[in-house]
Each structure stands twice: as C-alpha cells, then as structure tokens.
Amino acid sequence: MASTRRREGSRVETGSTGTPDAGIELVPLPHNVAVELLAAAVNDFAQLHGIRILTIKGRVLADQGLRAVRGSSDVDVLVDPSAFERLWAILRSSGWTDRDRAVLVDLPREGTVLAPHARTLEHPQWPCHLDLHRYYPGFLNPAQDVFDTLWDARTTIVLAHRACPVPGVADHWLIAALHATRSRDTGQLADLEERATSRLSTDLSDLAERAQITGAAGPLRETLRSLTGATVTLTPEADRLTALWRRRVESPDDLPETLAEQFAGASWSTRVRLAARKLVPSPRFAQAFFGVADDPLSLLRFYLHRIVTAPVKLLRILAAARRRRP
C-alpha cells in the first residue's frame, strides 16, 4: 500500500518491502484522497488475509447521516480482536510503524475500560495515519463478543469504489456517542441526540437494546434515558465497569487500576516496559494528553515531575493490585 502516485509517464517499481526504488519521483496525494484510498486499501488488505475489520467514524458517519459532512484526518478501523496482532504484524512487514510505540497486553476475558485500545500507525508513503482499534472504549462487554455482535449487524459503504464493511447505523451511533462522551464533547453529543430522533426515530428501542448487548448502556445511561425515557438496569459487574469508565473519563491522569490490570497477565519484561512508558511517555504523548508545550524546557520539567511523583504513583498501583487479588 502506498500513498503516493507517479507522475504521468513515469514507472514505479518497488522492492519486496513496497518501497519505491531510488530515483522515482513521487507526488504526495491530497489528504482527503489519501484517507479514502487508505480506507479501501486496508479493507482489501484485511480481506486478502481473512481478517474481519469494520471501518468506523469519519466519512462513514456522514454517509449514515450521523454527523455533518467534513474532512477526516485519519482512517479508523475496528479489528477482530482475535486477529489484531496478526494484522499488525502483516502491516509492519509492509512498512507501517507504531507512532507511539504502545505496549499492548492481552485483553482480559471480561470487559475492560483500562487496557490500551488501539495502535496509531504511520507509513512514510501515506500522509494520514491509520488507527487500528482492538476494542472500542465504552463497550464494556468482552471485546470479542462485542465485535462479533457488531459484525453480525454490519452493512457496507462504498469508499474509493470498494464496498467496505461498516457498523449498522444504530451501532455506529453508539460508537460516535461513546467517543463524544469520552472526549467530553457536549456539542457533538447534543448533535448526535438530535440526529437519533430523526435518523433513528423508529429504532430508538433497538438503540437501547444494542447498548445493552454491547455494554454501552452504562456509559451512555443519561443519554439513553434522555432519548428513550427508559432507565437502564445494570449488572453488578457492568456497574463496576461503568464507575471505572466515569473515573477514567474525568481523570487527567491514569488510574492506578490501569497498570494493575495490565500487570496482572503480563510477563516481567512487559511489566518493565509498561512502567517505563508510564513514567517517561513519548514527547508527542506528553504534548497531546498532558498539555506540555513543544519545547525542551517544558518537556524536561514534565519528566522531572513524573520522576518525583513516581513513588506515590507506585504505591497507588500496588494498592490497586492487592485489591484485585481474590
């Protein structure tokens, strides 16, 4: 897969890695063209290897009438959790790299709101990123069960002349609402509620049912009550995960339960990598999630503060780990 095109009259020959030979002049694709082509290409690539993926957000939401038409900055796909690492390995062999060098441990068999949910990939020949999601935050039921449920109700959207599997309208509305809730984007959430009453006016009961089946009913409890008038009843486990979800959304930093959950099933070498990434996150991560300015002095202050507060954080993590023990 490549995001560049040859000038008319030139010939592009690639090596085994898909990298153009030296001396070939490449013209960058316009961003909006690259996004649509990448969505179609990734779908074809996954189908070629027998991997199920659903294209989510972006242009698909607009085509389904769930958001206004606007440009997309990247491509998002939800991957069958059982094939996530296989797809990542295949893409990596084709020149894609993990922008944030995320440390992903196995997902717990029960639902989770704490495990890292995606890899953001980049490629030197593509001007847009590719976000691979192994589960979508806010769906609290087991990730494999949720994906299978979404897959069974899938539909298709044509992107770059290719029919790409996408979530059904009600399921995709849930994804968009979870994203707005997680981002605390009240404007987007209000727009989604308005669109639900028109776009899903005859399917609001189905929307509530799909939320229960996927585990989105807890995180979207108030929104669903506003739309349907129904009060959501949660199991004790769903109530626990919903409480964690709310803390996670409202917390400016990681919860101690996050590392405790990830440490539980990880090898010692993975635990060391996890701890290092939490203590010294990448500069891009610090700027994106902690509001650190893009200059050496600001980054130095941020890392010194992380080191000073590390012992207190470690004690909180150990306490959370003890609470997880049966």
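Which residue in E7 does leucine 121 stand opposite? The model at hand is predicted, and in it leucine 121 faces leucine 130 of E7. The strands around this pair are E6, covering residues 118-122, and E7, covering residues 129-133, which are joined by four bridges in the antiparallel sense.

E6 and E7 belong to an open sheet of five strands, ordered E3-E4-E7-E6-E5, with mixed pairing. At its edges are strand E3 (53-56) and strand E5 (97-98), each of which pairs on one side only.

Helices pack against this sheet. Helix H3, residues 84-93, lies across E3, strand E4 (74-79), E5, E6 and E7, and runs at about 160 degrees to E7. Helix H4, residues 143-152, also packs on the sheet, where it touches E3 and E4; the angle between the directions of H4 and E3 is about 75 degrees.

Next come the nonpolar cores. The largest has 41 residues, and the members that touch the most others are Phe139, Trp173, Leu207 and Leu220. At least two residues each are supplied by E3, H4, helix H5 (169-183), helix H6 (186-199), helix H7 (204-214), helix H8 (221-228) and helix H9 (236-250). H5 gives the largest share, nine residues.

Apart from neighbours within four places in sequence, the contacts of tryptophan 173 are Leu66, Leu192, Glu193, Ala196, Leu200, Leu207, Leu220, Thr223 and Leu227.

How values were computed
Residues numbered from 1 in each chain as written. Predicted model: local features only at pLDDT ≥ 70, side-chain atom pairs only at ≥ 80, totals over all residues. Heavy atoms only, no water. Pairing = 2+ DSSP bridges. Contact = heavy atoms within 4.5 Å. Axes fitted to C-alpha atoms, helices over the stretch in contact; angles between N-to-C directions. Core = buried A, V, L, I, M, F, W, Y, C linked by side-chain atoms within 4.5 Å. Buried < 20%, exposed > 50% of the residue type's maximum accessible area, 1.4 Å probe, protein only.
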